[in-house]
Amino acid sequence: QFIPLLDNTSLFQKAVQRARIFSKLAREITVAVKTGGADPDGNPRLRLAIQSARSENMPKDNIERAIQKGSQSTDTTNYEEVRYEGYGPGRVAIIVEALTDKRARTAPNLRSLFTKKGGSFGDTVLFNFEHVGYIEFGLNVASADAMFEAALEAGADDVQTTETAHEITCKPEDLGAVREALEKKFGTPNVARFDWKPTVETPVTDLETAQKLMSFIEDLNEDDDVQRVITNADISEDILAQLS
């Protein structure tokens with residue numbers, strides 16, 4: 001039976017994307033072990049990295065290899081956490097967080113992507129964002145009221161329950177204490193990290209700009225060194241519907 005090429009290509013692209021996600025997760029696990037040890041019970045960053053890997057259905061063997069790599073004294077690879085800034089299509093502010101063992105590779109690669117997509121690399125955009133601590137739990141761990149009360153008691157500044165998760169924000173310096181308090185009540189969160197919350201949003205009002213922006217973000221995420229991409233884009237529901 002003839003199978004359309006598009007279907008094969010789609011399956012291949014999904015496999016490539018999955019492999020890329022696993023690579024990024026493995027790097028985070030390895031770095032977590034290098035910085036805090038191989039025992040998840042005593043290493044919150046590793047505990048969260050393993051949970052993130054499991055949520056993406058990363059095979060157990062892959063997780064164990066990443067832990068082993070971080071534990072090996074013979075592995076001299078040193079990863080740095082670095083942040084890059086700039087503007088993308090539509091003058092949308094972009095923050096790129098990366099884990100890299102070679103800045104001399106990562107920065108030029110990202111500069112090339114920004115330039116190719118009509119953006120500008122290296123411009124300061126942090127004034128568009130607030131630095132916060134961010135924690136996320138699944139809806140199954142508690143009711144909205146229970147999470148709200150527990151989070152505020154733990155020292156959080158804000159709690160939002162959406163259709164998919166409980167989202168807690170706090171001051172960056174309070175992240176560790178708030179996470180520990182909530183973890184005792186509800187178990188390991190899905191996410192606990194320092195984050196950038198837009199305080200000034202850039203409207204994206206036309207489909208062409210939105211398409212260019214989404215393509216740009218996809219290209220950034222395809223870079224092995226890139227862990228997260230944060231923007232201050234405000235895309236209308238009508239445009240989002242057309243993108244999907």
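Let's start with Val 141, which sits in the loop between β4 and α5 (144–154); helices (H or I, at least four residues) and strands (E, at least two) are DSSP runs, numbered from the N terminus. This is a predicted model, where local features need pLDDT of at least 70, side-chain atom pairs count only at pLDDT 80 or more, and totals for chains, interfaces and linings use all residues. Residues are numbered from 1 along each chain as its sequence is written, and side-chain values use heavy atoms, with hydrogens and water left out.

With a relative accessible area of 30%, Val 141 counts as partly exposed, because that class falls between buried (under 20%) and exposed (over 50%), using a 1.4 Å probe and protein chains only. Leaving out residues up to four places away in sequence, Val 141 touches Met 147, His 166 and Phe 186; contact means heavy atoms within 4.5 Å.

Phe 186 also turns up in a core of 16 residues, along with Ala 156, Val 159 and Cys 170, among others. A nonpolar core here is a set of buried Ala, Val, Leu, Ile, Met, Phe, Trp, Tyr and Cys residues joined through side-chain atoms within 4.5 Å.

Now for the largest core. It has 20 residues, and Tyr 84, Ile 94, Val 96, Leu 110, Phe 114, Leu 213 and Leu 220 touch the most other members. Two or more residues each come from β1 (80–87), β2 (93–100), α4 (103–116), α7 (207–222) and β9 (226–231), with α7 giving the most, 5 residues. Leu 213 contacts Pro 89, Val 92, Ile 94, Val 204, Ala 233 and Ile 235, not counting residues up to four places away in sequence.

On to the pockets. On a 1 Å grid over the protein atoms alone, a pocket is an open set of points where a 1.4 Å probe fits, with protein on both sides within 12 Å along at least five of seven lines; lining residues have an atom within 4 Å of a point. Volume is the space filled by probe spheres set on the points, which are joined across faces, edges and corners.

| Pocket | Volume | Lining |
|---|---|---|
| Largest | about 1700 Å³ | 41 residues |

Glu 28, Glu 97, Arg 193, Gln 227 and Arg 228 lie nearest the centre of the largest pocket, and α1 supplies the largest share of its lining, 9 residues.
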